[in-house]
Amino acid sequence: MTEEKKNGYNHRQACGLCCTTIEDLGVVRGKTVILDHVNLHIHCGELTALVGPNGAGKSTLLKAILGDISHSGRLSYLNAIGGDSVKPVIGYVPQQLEFDPGSPLCVLDLFAAARRRRPVWLGAGKRMQRHAAYQLDRVQAEHLLFRRLGDLSGGELQRVLLALALDPMPDLLLLDEPVSGVDQRGMELFYDLVSNLRRQNDLSIILISHDLGLVARYADRVVFLNQTIQLVGTPHVVFSDPEVIKSFGLVSLEGIAPRPEPVAQKIELGASHGKRY
Amino acid sequence: MENVINLLQWLLPFEWMQYHFMQNALLGVILVCPLFGLMGTMVVNNRMAFFSDAIGHSALTGIALGVLLGMRDPLGAMIAFSILLALGISLIKQSARSSPDTIIGVFSSTAVALGIVILSRGGGFARYANFLIGDLLSIQEREILLLLAVLAAVLVFWLIFFNGLLLVSINSTLARSRGKQVRALEIAFSLLLALVVTVSIQWVGILIISSLLVLPAAAARNLASNMRQYHVLSLVIAVFSGISGLIMSYYWGTASGATIVLCAAIIFFVTVISRQLLQPS
């Protein structure tokens, strides 16, 4: 906890979840090591962006946190008061859906399937309809309620999935950004929404992103992952690193404009989770 | 059962309804078709048509094992074998690197070959040929009650687990984040599908069973825009093609299962055309 104090995090309003700790997490599939010795602290109200080359294990890390794949190491969630372990509500926005675009599945069906016991094929019911409309309103997608999922654009689908992940309001939100299919305006709208929601609800967010410009603008912290954590720091620090520049083929920092950062948010390299492995 | 038959005779005052075998066949259709209409919605969503086909084919091996064990009614052996096969495919699918199609193909062709080898010993395969095309007209009261029990079980399963199954079919990690038991749901659905296919195979026929699963749901998809419409339409199309196919098979003297599938296929093509006309894009 000393580090949080040092970084000024103890001033934050306490939410149900204060800190998510990933200790020595590893994932092996067959004989291939996908993740190894991953150590990370996620603080309440912080947007952590996960960047790295293809096949670096970014999506796998989110799946391991969700318990969808088996992993070694430890995941613990501490609340703000006593540091007791709590079982957090985790919201998840998948990178893509495996559904068949021709499937007669509307947005309301998706909400009803996730939120209600009553089987969707009996119809969602008026109360569920109001509830889903209210949730969608949050992401400016209320008009999509009765549209088929297959008819949505990439950006619309992403906002619908975000609304679903926020219902109920999670302690920890995991976002796996789609590689393609969302236009630039859609991406910016999405990032604005996520950023506002984080501030309003003190959410912890882990975001996998491929758009370094947007990451630089919105993330508090960037984690450069490639099988293990290579580097953690503010966008400015990470995107100035020669290895990261090489890995992403960045010519310079001209293209991405990190916002000016308050000193309190700076995470020093060399601290427990900031060091290079 | 008396009352139900009286009601049906009152509803359908046709010449063919006087025959006992047609009364039973109609009851069979009224039970089998909703079963297939319901299961079909998820089979089409999850692209499991090939899987159900494989289970249907494996019925031959079940029969063969029943014969080897000296059972008079091979249904028990058929159910046991199909469940074993479904379980095997599900378990290997998650660990193997080959595509599910290949794995299902390997299992199903092995099972079919084994079944044919055993049944054709001494050139006696022709005796089992009616399993290939099915014989709805020979269904008995006892078997109708069995179908009723299976339909009830499927309905209960559909009431309790449908939402979970739907989420798994959309994205398994998303389903997991919602606390659904992904593996258990997938396996439970495979086993239920194996049971439904095996129990109805004598009446529908090995060759066309997966068509009857796929066609009503595929036709319903062309018209529906949400899950409720999808189910209602799939059920209506399944039952409608079942009853009309049965009646036609009576007048034409054709195999009832195939005639039913043909009716469903015609409805499917009608929905394709109407969809094209409704939204020209």
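Contact here means heavy atoms within 4.5 Å of each other. With that in hand, let us look at chain B. This is a predicted model, in which local features need pLDDT of at least 70, side-chain atom pairs count only at pLDDT 80 or more, and totals for chains, interfaces and linings use all residues. Residues are numbered from 1 along each chain as its sequence is written, and chains are lettered from A in the order in which they are written.

In chain B, residues 24 or more positions apart account for 72% of the contacts with a separation of 6 or more. The chain has 12 helices and zero strands (DSSP runs: H or I of at least four residues for helices, E of at least two for strands, numbered from the N terminus).

Some overall values for chain B:

| Property | Value |
|---|---|
| Span of the C-alpha trace along the principal axes | about 55 × 55 × 35 Å |

Now to one helix pair. Helix H2(B), residues 20–45, packs against helix H10(B), residues 209–223, at an angle of about 80°, with the axes 8 Å apart. The two helices are therefore roughly perpendicular (65 to 115 degrees). Among the residues that meet are Phe36(B), Met39(B) and Val43(B) from H2(B), and Leu212(B), Leu213(B) and Arg221(B) from H10(B). By class, this contact has 10 nonpolar, three polar and one charged residues.

Terms used. Heavy atoms only, no water. Axes fitted to C-alpha atoms, helices over the stretch in contact; angles between N-to-C directions. Parallel < 35°, antiparallel > 145°, perpendicular 65-115°, else oblique. Nonpolar A, V, L, I, M, F, W, Y, C, P; charged D, E, K, R; others polar.
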